[in-house]
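Hello,

Here is the structure we talked about. Please look it over before reading my notes below.

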Amino acid sequence: MLNSTFINHQDRKETAAIERRRQYEEARRLRIFNARQRVFGIDRFALENQLKEKHQKQQDAIEQQRKVEDEQQRQNQVIQLKNREQLLLRQQLDTEINQFRALHQRPEQSRDFDLFDPNFLKKSLPARINDDDPRLTVSGAQKFEGEDLFQRDRTRFQKQQQRSWLEQQIRDKRQAEMDRIASERFLDEALQAREKKVCQLAAEERTTRHKIQQAVNQYNQHLLEQQDFERSQQKHEEQEDNLAEIYNHLTSDILTENPEVAKSSLGPNRIIPYAYKGMSLLELQQIRETQEKQREDLNRRQKEEANNKESWDQLTIDFDQRVVLKDREINRRRRLLAGEIGHENLKLCNEQQQTLKYLNQTVYQNRPTMEYFNQFNTTSR
């Protein structure tokens, strides 16, 4: 510590400044070298203060907006009350004006009301009241020849005529109903008579059918007897025909097996199928000779195929032996090459070890220690 006798005011200022910088540097080191709080190039506390200020500004802006909205809502309510008061005042004025007009400004009180009175035509008399109106003159063009002056009497007469027509229609309808009832009664009587007639005809029909059935049975019995006679006669004739056919077959060329019968007129090598009785001994001998030749040809072909197969098998065995020899030669060359590569790798390993030994013992004698690395990052600068 310095002696206070030789310390002046300037020295104290410099000492305080140095101490202040040292404390600032120490605080900065704590901030920077703290793995949990360190953010390179950024002051975390300043950012937190900025975030707090930003949130406070946002809250102030929200509060200001809320106050503005409340004030706006209050002003809207005041405007609505004023508008409602003006509307009520306007309605009251309109009511008073209408009452004044209804009491003191009615249309019939005007001087020229008779010119635009809407009920003027209703109040005035019509152009003519009746055909004997005294206002009707010759020059008034209100009464002409050919007019229906007796409309009332004509209308009354037409009503009476319609009433008489209606009564006539009622009488005609009643008469038609009575005629319909009488016709239905007559129809029922006719139906009953027809039913009786139908029953009588049905009884007669049953009697007639019974007689016809008896006649049919008698005729069928006669036909049955005649068919039995014809069947027995036909059976006798069929037996005679069968005996004749058997005799003809026994004496025909079919059973005697005459080969000349099977020859066809279409050619020397053609036969008749239904008359053919088999081949002769010469034809059988020819077929056997042909089969023997076919067997010899088949044996010859089988021997040739066996020889070809044996040749191919021998060729396959030779090829396999050559492939095995070739594989052995390739494996021998691969082993030789692997030995040469091993020797070369061993040589390179020895050279690399000698090189590393030279570097470690001769080139890199002054290796850096941990003190060399610890001198870095001792300050925040």
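Which residue forms a salt bridge with Lys123? The partner is Asp117. Their closest N and O atoms are 3.2 Å apart. One caution before the rest: this is a predicted model.

**Salt bridges**

Lys123 is exposed, at 61% relative accessible area. Asp117 counts as buried, because its relative accessibility is 14% and the cut-off for buried is under 20%.

A search of the whole structure gives 15 salt bridges. In general, side chains of opposite charge can pair when their charged atoms come close.

Two of the bridges sit within helices. Take helix α4 to begin with, which covers residues 151-250. Asp153 pairs there with Arg156, and the closest N and O atoms are 2.9 Å apart. The two residues are three apart in the helix, so about one helical turn separates them. Asp153 is partly exposed, at 38% relative accessibility. Arg156 is also partly exposed, with a relative accessible area of 44%.

Now go to helix α6, residues 281-363. Here the side chains of Glu292 and Arg295 meet in a salt bridge, with an N to O distance of 2.4 Å. Glu292 counts as partly exposed, at 37% relative accessibility. Arg295 is partly exposed too, with a relative accessible area of 43%.

Some bridges share partners. Glu63, Arg66 and Asp70 are joined in this way into one network.

**A nonpolar surface patch**

Which residues form the nonpolar patch on the surface? They are Met370, Tyr372, Phe373 and Phe376. Together they have about 460 Å² of accessible area.

Phe376 lies in the segment after α7, and that helix runs over residues 370-374.

**Where to click**

- Asp153 and Arg156, in α4.
- Glu63, Arg66 and Asp70, for the network.
- Met370, Tyr372, Phe373 and Phe376, for the patch.

Best wishes

Key: Residues numbered from 1 in each chain as written. Predicted model: local features only at pLDDT ≥ 70, side-chain atom pairs only at ≥ 80, totals over all residues. Heavy atoms only, no water. Patch = residues over 30% accessible without salt bridge, like charges linked within 9 Å, V, L, I, M, F, W, Y side chains within 5 Å. Areas by Shrake-Rupley, 256 points an atom, 1.4 Å probe, with all protein chains shown as cover. Salt bridge = Lys/Arg side-chain N within 4 Å of Asp/Glu carboxyl O. Helix = DSSP H or I, 4+ residues; strand = E, 2+ residues; numbered from the N terminus. Buried < 20%, exposed > 50% of the residue type's maximum accessible area, 1.4 Å probe, protein only.
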